[in-house]
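Visitor: Hi! Could you walk me through this one? I'm new to reading structures.
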Number of protein chains: 2
Amino acid sequence: MFAEFEHDALGALTVVLVRARNPLNIGAVARAMSNFGCADLRLVQVHAPSHEDAVSAVGPSQEILRAARRYESLAEAIADCALVYGTLAPHGRAPQQPMEPLPQAAARLRAQMAVGRVALLFGSEKTGLSNHEFSHCQGVLGIPSRSEHASMNLGQAAAVCLYALMVAGFEEVPVDSPELLPLAEADHVDRITSHLAEALAAANYVGIGRPWADENLRALVRRLRVPQQDASALTGMLRKIVHVLNRTEKDLD
Amino acid sequence: MFAEFEHDALGALTVVLVRARNPLNIGAVARAMSNFGCADLRLVQVHAPSHEDAVSAVGPSQEILRAARRYESLAEAIADCALVYGTLAPHGRAPQQPMEPLPQAAARLRAQMAVGRVALLFGSEKTGLSNHEFSHCQGVLGIPSRSEHASMNLGQAAAVCLYALMVAGFEEVPVDSPELLPLAEADHVDRITSHLAEALAAANYVGIGRPWADENLRALVRRLRVPQQDASALTGMLRKIVHVLNRTEKDLD
């Protein structure tokens with residue numbers, strides 16, 4: 001197993017830290033990434049001083065920390081990712097996606113990494129990911145742990161997830177699995193979501209335009225796991241629908 | 001998988017920290033133990049202030065830290081353990097036992113936990129386990145990681161090992177496997193080692209009595225993985241041999 005281990009074993013993985021606060025934790029996540037061969041770290045709404053403190057600590061993961069990009073919005077950070085998973089303590093509040101235990105989720109993510117970029121999201125140390133942030137995810141994974149003390153340290157949770165992903169690479173991947181369809185990237189899925197929202201608004205569908213409705217709609221579209229090959233067709237269909245709906249409204253005036 | 005997860009999933013596991021220095025790391029190991037349902041922490045040659053600093057941090061793993069016992073010698077700390085594994089960075093120096101990758105070792109340890117206490121040893125942050133300490137182990141496990149940066153943080157390494165052990169519990173255990181023979185506890189294996197050393201000394205075997213020879217002999221006996229049911233017979237055989245060797249020598253005088 002050691003001989004097979006590749007330098008960039010998790011090269012198609014992006015780790016996204018959302019609102020992480022503690023430079024030590026940011027450093028620990030980068031260290032685990034370096035151990036397991038993942039180089040792409042992205043920081044969303046992380047204070048620049050926390051990032052800079054983490055960079056200043058000397059070590060073999062410094063390169064990862066220095067190259068880490070900072071974003072204001074999660075949507076920007078994951079724009080080029082085709083499969084986006086959020087992480088949740090297993091007995092935390094129910095998100096909008098069904099939760100998969102890490103061993104199963106790891107196999108799925110690893111298989112998808114063969115055909116597209118995969119993002120794994122970790123929330124802040126204090127509150128985890130918000131419902132808004134989960135609505136950007138196609139899936140949610142949980143690390144099985146004891147119900148009396150399920151909340152893991154951020155650096156340890158990241159190490160465990162990366163280990164599971166690394167190990168999943170040594171297992172048989174069912175090559176003809178439908179899971180291996182390349183999925184549309186997040187920015188394309190965003191456009192589909194916007195067109196659907198427009199269509200629903202034009203059709204006076206109840207609640208569209210309110211924040212909770214936007215989140216629910218975003219999560220619904222992510223649950224569909226739109227294949228890359230179908231994204232343009234879906235976009236076209238929705239634009240046509242929006243166009244006709246708007247014209248119909250005009251005619252009715 | 002979450003529903004099946006038991007409160008004391010890793011109840012038959014003992015985590016042993018040898019010469020750990022940093023209270024934050026000791027605390028992180030205890031936190032991972034609490035997450036994954038392992039309660040028995042033992043500290044070998046850990047400075048009392050480091051232990052007390054770790055205890056003083058409030059958190060759900062405080063109970064584990066408060067109950068942790070301190071030992072001066074590794075032999076005392078593992079006396080009641082039937083299977084003892086040391087941990088090593090995968091590209092570290094070769095120990096006296098063949099190294100097993102974590103996923104395979106975890107399955108073996110987990111199976112053995114059904115019939116006896118299992119100890120998992122972690123060395124100091126700076127130097128890991130010494131050859132002397134490895135000579136007390138029946139096996140050595142390594143976490144597969146990138147050769148350019150294999151050295152993991154202690155708290156993260158412990159979390160990864162405990163996760164792997166926990167996940168191994170959900171896999172099929174071959175009930176009739178020879179691995180499931182209960183093994184002799186470490187203090188009994190120590191007595192066998194002593195008698196063998198006596199016998200070799202009485203037979204003027206080369207090198208016996210020198211420190212490196214003691215370590216090699218201890219490691220050799222551990223590699224045998226003496227079953228519980230054979231330990232007393234082996235002790236008796238060796239005592240008889242020692243007795244006759246000493247008498248023979250007397251006769252020769």
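Visitor: Let's start with a cysteine: is A:Cys38 buried or exposed?
Guide: A:Cys38 is buried, with a relative accessible area of 3%. Keep in mind as we chat that this is a predicted model.

Visitor: And what about B:Cys38, buried or exposed?
Guide: B:Cys38 counts as buried too, at 2% relative accessibility.

Visitor: How many disulfides does the structure hold over all chains?
Guide: Zero, over all chains.

Visitor: Which cysteine sulfur is closest to that of B:Cys38?
Guide: The one in B:Cys81, but it sits 11 Å away, so that is too far for a bond.

Visitor: Okay, new topic. How many residues are in contact between chain B and chain A?
Guide: 38 residues of chain B touch 38 residues of chain A. The area buried between these chains is about 3,300 Å², and carbon and sulfur atoms give 65% of that.

Visitor: Which parts of chain B supply that side?
Guide: α1 (23-36), β5 (99-101), α5 (102-112) and α7 (154-168) of chain B each supply at least two residues of the side touching chain A. The largest share, eight residues, comes from α7(B).

Visitor: What classes of residue are on that side of chain B?
Guide: There are 23 nonpolar, twelve polar and three charged residues on the side of chain B that touches chain A.

Visitor: How many salt bridges cross the interface of chain B and chain A?
Guide: The rule finds zero salt bridges there, but it does find 14 residue pairs in polar contact across the interface, both residues at pLDDT 80 or more.

Notes. Residues are numbered from 1 along each chain as its sequence is written. Chains are lettered from A and ligands numbered from 1 in the order in which they are written. This is a predicted model: local features need pLDDT of at least 70, side-chain atom pairs count only at pLDDT 80 or more; totals for chains, interfaces and linings use all residues. Side-chain values use heavy atoms; hydrogens and water are left out. Contact means heavy atoms within 4.5 Å. Buried area is the accessible area (1.4 Å probe) that two parts lose on being put together, summed over both. A salt bridge is a side-chain nitrogen of Lys or Arg within 4 Å of a carboxyl oxygen of Asp or Glu. A polar contact is a pair of N or O atoms within 3.5 Å; within protein, one must be able to donate a hydrogen and the other to accept it, and residues adjacent in sequence count only if both atoms are side-chain atoms. Helices (H or I, at least four residues) and strands (E, at least two) are DSSP runs, numbered from the N terminus. Ala, Val, Leu, Ile, Met, Phe, Trp, Tyr, Cys and Pro count as nonpolar, Asp, Glu, Lys and Arg as charged, and the others, Gly among them, as polar. A disulfide is a pair of cysteine sulfur atoms within 2.5 Å. Buried means under 20% relative accessible area, exposed over 50%, partly exposed in between (1.4 Å probe, protein chains only).
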